[in-house]
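Here's a quick briefing to read alongside the fold. Have the viewer open and click along as you go.

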Amino acid sequence: MLKEPKQKSSRTRNIVLVLLLALLCVGGAELAFCRYFAPDHYQQITAPVRQGLESAADACRSVYLQAAQAWRSCRDYAVQAAKRWAEARAERRRLAELQAAIELASQTAADPVPLSALPEIPPGSAAITDIMEKDGRQILTGGLTDVVYFNQSEEPWASQPYGRDHIGGYGCGPTAMAMAVASMTDCQTDPALMAQWAAEQGYWASKSGSYLSIVEGTARAYGLEAAPLEERTPETLRDALLSGKLVVALMGPGHFTNNGHFILLRGVTLSGTVLVADPNSTERSLCEWEPQLILDELSSNHASGGPLWTVSVPQN
């Protein structure tokens with residue numbers, strides 16, 4: 001008794017499906033008949049369908065054309081963006097090379113003058129400065145601050161790396177700063193350690209030595225103060241040294257270098273001459289130098305506060 005409604009519903013659905021299929025078949029047969037025997041009537045009947053299909057085709061074609069145009073626009077934009085990126089990269093490279101040229105004074109180790117041309121100690125006078133061994137390190141005496149001395153062109157430092165170069169040929173910058181740090185702080189550094197640190201910090205310049213920013217950057221990192229010596233006269237140079245400061249000097253062609261070379265000015269004698277610590281020459285480090293000669297042979301490069309910086313211990 002309960003299943004009879006469901007059976008009637010199923011039969012009704014089947015009958016409806018059969019009637020719809022019959023209508024489709026009849027309709028299809030009539031359309032086929034009209035197409036061949038009443039073409040005008042066929043065109044009239046199918047016109048709405050054709051128009052709908054044509055409209056749909058036109059819409060699809062329009063969408064395709066718009067998509068194609070959008071793709072071409074994106075492609076053109078990508079090409080232009082790649083071109084602008086390449087131009088920007090080339091410009092950055094050019095500016096970096098220009099900045100490097102501004103900041104660098106090719107610091108290559110060489111003996112610019114024969115030893116016979118170095119300043120001589122007057123006959124019969126006592127040596128004002130000397131080099132001695134203390135705690136396994138060489139110490140230059142004579143200034144207010146005894147300076148730990150390193151020679152970049154001697155082993156074990158000469159063959160040690162500075163970036164992809166070596167300290168012996170290009171490491172006057174880290175060697176000079178190693179002397180300043182080792183002399184004014186308790187840090188146990190040396191040219192190899194300083195060269196490694198300087199290269200990691202970006203101060204190494206391939207086949208050129210060091211960027212001039214190595215002076216203030218190293219001093220700041222090791223708790224010292226470095227400042228440009230703006231007024232470059234014999235008097236201001238002596239005053240800085242007599243106050244206990246060390247002075248880093250970037251030298252140009254002359255007695256110390258053929259190109260560019262960092263040295264350390266470390267003291268003043270009673271006669272007013274200047275004592276130096278030359279990272280590339282023990283002999284020049286034991287000479288007395290006229291302050292005006294030092295000033296006359298300074299590099300003309302004024303980047304990063306150069307070519308003369310005072311280095312001191314901060315006053316609390």
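Two aromatic rings of Phe, Tyr or Trp (for Trp, the six-membered ring) count as a pair if their centres lie within 6.5 Å; planes under 30 degrees apart are called stacked, over 60 edge-to-face, and the rest tilted. With that in hand, ring pairs link Trp197, Tyr203 and Tyr222 into a cluster.

A word on where this comes from: it's a predicted model, where local features need pLDDT of at least 70 and side-chain atom pairs count only at pLDDT 80 or more, while totals for chains, interfaces and linings use all residues. Residues are numbered from 1 along each chain as its sequence is written, and side-chain values use heavy atoms, with hydrogens and water left out.

**Overall picture**
- Of its 316 residues, 40% count as buried (under 20% relative accessible area; exposed is over 50% and partly exposed in between, with a 1.4 Å probe and protein chains only).
- Look at contacts (heavy atoms within 4.5 Å) between residues at least 6 apart in sequence: 65% of them join residues at least 24 apart.

**More on the aromatic pairs**
- The count of aromatic pairs comes to five.
- Phe150 and Trp157 have ring centres 5.8 Å apart and planes at 85 degrees, so this pair is edge-to-face; both residues are buried.
- Phe256 and Trp289 have centres 4.5 Å apart and planes at 40 degrees, so they go down as tilted.
- Phe256 sits in the loop between β9 and β10 and Trp289 in strand β12, so their pair ties together parts 33 residues apart in sequence. Both Phe256 and Trp289 are buried.

**Helix α6 and its partner α5**
- α6 covers residues 214-221, and its buried residues include Ile214, Val215, Gly217, Thr218 and Ala219.
- After α6 comes Gly223, with a positive phi near 80 degrees.
- α5 (residues 191-200) packs against α6 at about 110 degrees, with the axes 12 Å apart (axes are lines fitted to C-alpha atoms, for helices over the stretch in contact; angles run from 0 to 180 degrees between N-to-C directions).
- That makes α5 roughly perpendicular to α6 (65 to 115 degrees; under 35 is roughly parallel, over 145 roughly antiparallel, the rest oblique).
- Met194, Trp197 and Ala198 of α5 meet Ile214, Gly217, Thr218 and Ala221 of α6.

**The six-stranded sheet**
- This open sheet runs β8-β13-β9-β10-β11-β12 with antiparallel pairing (two strands pair if DSSP finds at least two bridges between them).
- β8 (225-228) and β12 (288-289) are the edge strands with a single partner each, so one side of each has no neighbour in the sheet.
- Two bridges join β11 (residues 274-277) to β12, and Val274 has Trp289 as its bridge partner in β12.
- Helix α4 (residues 172-184) packs on the sheet, touching β9, β10, β11 and β13, with its direction at about 30 degrees to that of β10.
- α6 lies across β8, β9, β10 and β13, running at about 155 degrees to β8.

**A loop residue: Asp130**
- Where is Asp130? It's in the loop between α2 (39-103) and β1 (131-134).
- Its relative accessibility is 45%, so Asp130 counts as partly exposed.
- The C-alpha atoms of Asp130 and Thr141 are separated by 5.5 Å, though the two residues are 11 apart along the chain.
- Leaving out residues up to four places away in sequence, Asp130 touches Ile139, Leu140, Thr141 and Leu286.

Conventions. Helix = DSSP H or I, 4+ residues; strand = E, 2+ residues; numbered from the N terminus.
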